[in-house]
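Trainee: I would like to learn how to read strands and helices in a model, so could you take me through one?
Mentor: Gladly; let us look at it together.

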Amino acid sequence: MKLQYSFFEDHYMENFHPLTLTRPVYDLRVGILTLAEKWKYALDLPDDSELGGPLRQHLSGVFKIPTVNKEHDAVLWINPRFIPNVHLIEQIKQLEISQGLVCDDSLIAALIPVDEHKIWSKSGIDLKAINTSEINPKGNTIVKNIWELFQLNGNEIKNDLILSKKIAYGEEKIFPNTLFVKPENIYIDEGAVIEPGAMLVADKGPIYIGKNAHVMANSVVRGPSAICEKSVVKMGAKIYEDTTIGPVCKVGGEISNVIFHSYSNKAHDGYAGNSVFGQWVNIGADTNTSNLKNNYSTVKVTEWRSGKMVDTGQQFIGTIMGDHSKTGINSMLNTGTLCGVCCNLFSDGYPPKYIPSFSWVSGHDIVPYHFEKAIEAMEKMMERRSIELTPAYKKMMKALFDSTSF
């Protein structure tokens with residue numbers, strides 16, 4: 001049977017705002033890989049395979065929709081909130097036409113005849129439900145809330161190294177005057193540079209250094225951590241466990257259990273912990289994120305759509321920041337801060353814990369960021385990395401701007 005693969009989003013999608021304001025769920029990064037990349041490896045698909053799915057209207061043109069044609073017998077619809085593992089893939093491969101794999105109240109995957117896939121994607125068709133709890137007592141990893149991305153990150157770095165079949169390559173003689181602790185747990189891709197005086201400590205978990213990444217002198221990286229392709233770790237940086245520095249990022253200072261998606265910078269001193277940053281974020285010098293309340297109580301965050309405060313039940317949550325947002329020097333971010341897309345934060349005090357997209361924030365004063373000025377700054381930042389701001393990307397941003405309430 002020849003299959004096309006396609007992702008779908010369910011009602012949990014909004015739990016990942018503001019990151020999913022500018023990307024589908026499958027483009028979220030946890031571990032080394034995005035959720036889409038994990039599925040591509042797990043399904044053993046060719047590198048050039050198209051993986052995507054139906055898009056919310058404002059994302060059209062920014063992300064690809066895979067082509068389904070008469071050469072395909074069926075479409076395997078996948079919920080990317082489920083992180084693939086061997087047991088889950090085995091169950092999915094056993095699905096028959098018009099069967100769906102279900103866990104609790106969520107559909108994991110459905111096998112739909114090619115001539116019915118458009119109907120199913122819009123309104124659904126009846127499926128014979130196969131419950132995974134009866135098949136796999138070990139359970140499956142389901143991501144339901146945005147803070148779970150950094151909570152799962154360390155374990156997912158380990159899983160991604162197995163999934164992508166990377167080979168450990170941490171010989172100190174190739175990188176003189178460096179210190180590798182447990183080099184058999186250090187994975188260094190081609191073209192990576194590790195300067196003298198750098199220390200990679202992999203006794204508690206693996207470290208991945210991606211293609212053409214650069215770890216500067218006197219920096220310390222503790223595993224499990226990932227420094228992805230073309231990223232730079234500045235001199236004297238302290239990268240603690242469970243951290244991912246996504247592709248083409250530049251980081252310095254102190255970072256602990258943080259995910260940077262890509263093209264983002266925190267190049268100077270300052271602390272970031274238990275946080276997730278999107279693309280094209282710039283964290284100013286000496287910006288600090290609070291990730292623990294002074295009274296050690298659980299952290300409350302604002303539900304993005306309703307604006308209601310929700311007790312997460314978690315003790316450690318720092319900042320979740322959407323794409324193209326920036327902080328000025330010496331900024332302070334409160335515990336459980338949610339910052340939208342394309343915001344400017346500059347203040348000598350804490351800004352609000354909920355910051356709508358396209359906000360210009362000074363203290364607790366919020367005014368809208370003029371759209372054309374925001375686009376101008378966006379375009380200049382992307383030009384620095386030789387990335388074009390396309391009409392579709394600008395249209396996506398305009399839709400978000402128009403839908404934002406201040």
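Trainee: Which residue in S5 stands opposite Val102?
Mentor: Strands in a sheet pair through backbone hydrogen bonds, either parallel or antiparallel. Here Val102 stands opposite Leu107 in S5, and strand S4 (residues 99-103) is joined to strand S5 (residues 106-113) by 4 bridges, the two running antiparallel. Strands (E, at least two residues) and helices (H or I, at least four) are DSSP runs numbered from the N terminus, and two strands pair if DSSP finds at least two bridges between them. This is a predicted model, in which local features need pLDDT of at least 70, side-chain atom pairs count only at pLDDT 80 or more, and totals for chains, interfaces and linings use all residues. Residues are numbered from 1 along each chain as its sequence is written, and side-chain values use heavy atoms, leaving out hydrogens and water.

Trainee: What is the order of the strands in the open sheet?
Mentor: The open sheet has 5 strands in the order S1-S2-S5-S4-S6, with mixed pairing. Its edge strands, S1 (3-7) and S6 (128-131), each pair on one side only.

Trainee: At what angle do the axes of H1 and H5 cross?
Mentor: Two packed helices are described by the angle and the distance between their axes. The axes of H1 (residues 35-42) and H5 (residues 148-163) cross at roughly 40° and come within 10 Å. Lys38, Tyr41 and Ala42 in H1 meet Glu156, Asp160 and Leu163 in H5.

Key: Axes are lines fitted to C-alpha atoms, for helices over the stretch in contact, and angles run from 0 to 180 degrees between N-to-C directions. Contact means heavy atoms within 4.5 Å.
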